[in-house]
Amino acid sequence: MTVTGTLELVALDATDIAGLASFYAELTGWQTVRNVDGWITLRAGDGQEVAFQQVAEHIPPQWPGQERPQQVHLDLLVDGHEEAAQRAVALGATRLADGVTWITLADPAGHPFDLCQRDGAGPQMQLFAVTIDAPDASALARFYASLLGMEVTYDGPEGALVAGGGKSLMFQQVGDYTQPQWPDPAHPQQGHLDVIVDDPGHLKAVEARAQELGATRLADGATWITLADPAGHPFDLSIP
């Protein structure tokens with residue numbers, strides 16, 4: 001039997017997490033479900049969660065270059081993406097780029113995010129996917145699909161998508177990719193995934209599986225282990 005963890009959420013780094021959480025709550029309509037020292041979590045109507053982790057030395061990305069890369073971004077679905085983009089700018093976002101059905105903006109902490117048009121999406125924004133930069137999107141998608149018990153549902157020249165349990169991860173192909181070097185603040189992670197496990201034995205088993213798939217251990221505690229995926233993105237395994 002293959003040992004897998006369960007994808008819980010993505011956490012974005014920021015200096016002012018209260019301000020950033022307020023920005024996303026106002027923009028998306030999501031609710032705050034956790035607010036502890038250095039950590040705030042929002043929950044969407046479908047149960048998906050996005051968290052904000054306080055990092056005093058956070059250095060904002062500068063999209064689209066790779067000198068200070070974004071590393072990770074949110075793809076949000078909304079009916080009326082132009083109106084939503086105008087609201088985002090009024091709340092403190094910066095408009096970066098436009099497409100036919102999408103608009104890229106930077107949030108107040110500098111993290112890019114995409115507003116994607118979806119007719120009939122409803123009054124509350126939906127999280128389509130957490131998108132992660134990769135030098136080999138297909139390979140990184142297979143890594144996470146194997147680790148999380150998810151399925152690769154798309155694999156093309158621009159990236160690959162994995163899905164399962166009502167959640168999706170997109171891996172974006174970046175030709176001149178520069179990986180994070182956690183915990184070096186000069187090469188920040190920008191965000192990370194949290195993966196939950198059942199108990200200490202499961203924690204060890206999932207870590208062993210992650211390393212078998214190409215992950216590297218970075219740090220550990222009594223109930224958690226931080227690893228880097230094959231593209232260098234840190235992620236946490238933890239017991240809730």
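Two packed helices are described by the angle between their axes and the distance between the axes. In the predicted model, helix α3, which spans residues 137–148, packs with helix α4, residues 200–213, at an angle of about 160°, and the two axes lie 10 Å apart. Because angles over 145 degrees count as roughly antiparallel, α3 and α4 are described as roughly antiparallel to each other. The crossing of α3 past α4 is right-handed, and the contact is formed by Phe143, Ser146 and Leu147 on the side of α3 and by Val206, Arg209, Ala210 and Leu213 on the side of α4. Sorted by class, this contact of α3 with α4 comprises 5 nonpolar, 1 polar and 1 charged residues.

Turning to the pockets, the largest has a volume of about 480 Å³ and is lined by 21 residues, of which Trp39, His192, Asp194, Asp236 and Ser238 lie nearest its centre. At least two lining residues of the largest pocket are supplied by each of the strands β1, β3, β4, β13, β15 and β16, and β16 provides the largest share, 4 residues. The lining of the largest pocket divides into 9 nonpolar, 7 polar and 5 charged residues.

The second largest pocket has a volume of about 260 Å³, and among the 15 residues that line this pocket, His73, Asp75, Trp102, Asp114 and Cys116 are the closest to its centre. Two or more residues of the lining of the second largest pocket come from each of β5, β7 and β8, with β8 giving the most, 4 residues. By class, the lining of the second largest pocket has 7 nonpolar, 5 polar and 3 charged residues.

How values were computed:
Residues are numbered from 1 along each chain as its sequence is written. This is a predicted model: local features need pLDDT of at least 70, side-chain atom pairs count only at pLDDT 80 or more; totals for chains, interfaces and linings use all residues. Side-chain values use heavy atoms; hydrogens and water are left out. Axes are lines fitted to C-alpha atoms, for helices over the stretch in contact, and angles run from 0 to 180 degrees between N-to-C directions. Angles under 35 degrees count as roughly parallel, over 145 as roughly antiparallel, 65 to 115 as roughly perpendicular and the rest as oblique. A crossing is left-handed if the near helix is turned anticlockwise from the far one by less than a right angle, and right-handed if clockwise. Contact means heavy atoms within 4.5 Å. Ala, Val, Leu, Ile, Met, Phe, Trp, Tyr, Cys and Pro count as nonpolar, Asp, Glu, Lys and Arg as charged, and the others, Gly among them, as polar. On a 1 Å grid over the protein atoms alone, a cavity is a set of points where a 1.4 Å probe fits but cannot get out, and a pocket is an open set with protein on both sides within 12 Å along at least five of seven lines; lining residues have an atom within 4 Å of a point. Grid points are joined across faces, edges and corners, and a volume is the space filled by probe spheres set on the points.
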